[in-house]
Each structure stands twice: as structure tokens, then as C-alpha cells.
Amino acid sequence: MKTVSWLLLSLVSAAGLALAQNAPLSGIAESTDPAKIADIERRAEEIAANAQARSSGTSAEPAAPAPHRKAHAKKRRMHKANKAKPAQAAPKPETAS
């Protein structure tokens, strides 16, 4: 049974490798056409300009929640500091006898 399993596994692996070799490239292609190159450069400039306009413009979103995180971190540090200090007992008043 083990021999059959290993044979089946090797056949499936070989079939997968064969399919991977014949798979078309997706996404990246090389071109020497000047018109295509100019079109791609123009679109890249538009995208960069749009991203820059979005980042420099006023946003409708509230400010980043960084102060909230800082407050939590401060509480955590204070809690650890208080926990590390030994509890100090109040001095007992001396009784006069």
C-alpha cells in the first residue's frame, strides 16, 4: 500500500510541475512599443498625482487614534510600576501607656 501511495504522490507532483511550466505569465509583460510605454507612463503620473492630492487635501476622517493608544500605554506602565512597588503600611501611632 505504501508503494502505491508513493507512486501516486510522485505522479501528482510530476503533473503539477508540467502544468506550472506551461502556465502563461500573468500580469508582467515586456513591450518595446513606444505608444504603449507613453500610455503607461501617463497613467502612472496620473495615479501619483491623485495620491498626492488625496494626501495633501483635507480629509473628512478624524485625527489618528494615536493619543488613545498612548493613554493606554501610560496606564499600563503606571499599573506595572504600582504593582512592582511593595505596599507601604501606614505608620502606627505610638500609644502612650
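**Exercise 1. Classify E46 by its relative accessibility and identify its salt-bridge partner.**

*Solution.* Step 1. In this predicted model, E46 has a relative accessibility of 41%. Buried means under 20% and exposed means over 50%, with partly exposed in between; E46 therefore counts as partly exposed.

Step 1. The partner of E46 is R42: the two form a salt bridge in which the closest N and O atoms are 2.9 Å apart.

Step 2. Both residues belong to helix α2, where R42 and E46 are 4 residues apart, about one turn of the helix.

**Exercise 2. Determine which residues the salt bridges with shared partners join into one network.**

*Solution.* Step 1. The bridge between R42 and E46 has a closest N to O distance of 2.9 Å. Through shared partners, the salt bridges join D39, R42, R43 and E46 into one network.

Step 1. The side chain of R42 also meets that of D39 in a salt bridge, at 2.6 Å from N to O. These two residues lie 3 residues apart in helix α2 (residues 34–56), again about one turn of the helix.

Step 2. D39 forms a salt bridge with R43 as well, and here the closest N and O atoms are 3.6 Å apart. R43 and D39 are separated by about one helical turn because they are 4 residues apart in helix α2.

Step 3. As a check on the total, the structure holds 3 salt bridges.

Step 4. The accessibility of the remaining members can now be assigned. R42 is partly exposed at a relative accessible area of 41%, D39 is partly exposed at 30%, and R43 is partly exposed at 43%.

**Exercise 3. Describe the element order, the surface and the confidence of the chain.**

*Solution.* Step 1. The chain contains 3 helices and 0 strands, and its elements run α-α-α from the N terminus on.

Step 1. Of the 97 residues in the chain, buried residues make up 0%. The accessible surface comes to about 10,100 Å², and carbon and sulfur atoms account for 62% of that area.

Step 2. The mean pLDDT of the chain is 75, with 54% of the residues reaching 70 or more.

Step 3. Confidence is highest in α2, at a mean of 91, and lowest in helix α3 (residues 66–84), at 63.

Definitions and conventions:
Residues are numbered from 1 along each chain as its sequence is written. This is a predicted model: local features need pLDDT of at least 70, side-chain atom pairs count only at pLDDT 80 or more; totals for chains, interfaces and linings use all residues. Side-chain values use heavy atoms; hydrogens and water are left out. Buried means under 20% relative accessible area, exposed over 50%, partly exposed in between (1.4 Å probe, protein chains only). Accessible areas come from the Shrake-Rupley method with a 1.4 Å probe; for residues, only the protein chains shown count as cover. A salt bridge is a side-chain nitrogen of Lys or Arg within 4 Å of a carboxyl oxygen of Asp or Glu. pLDDT is the predictor's confidence in each residue, from 0 to 100.
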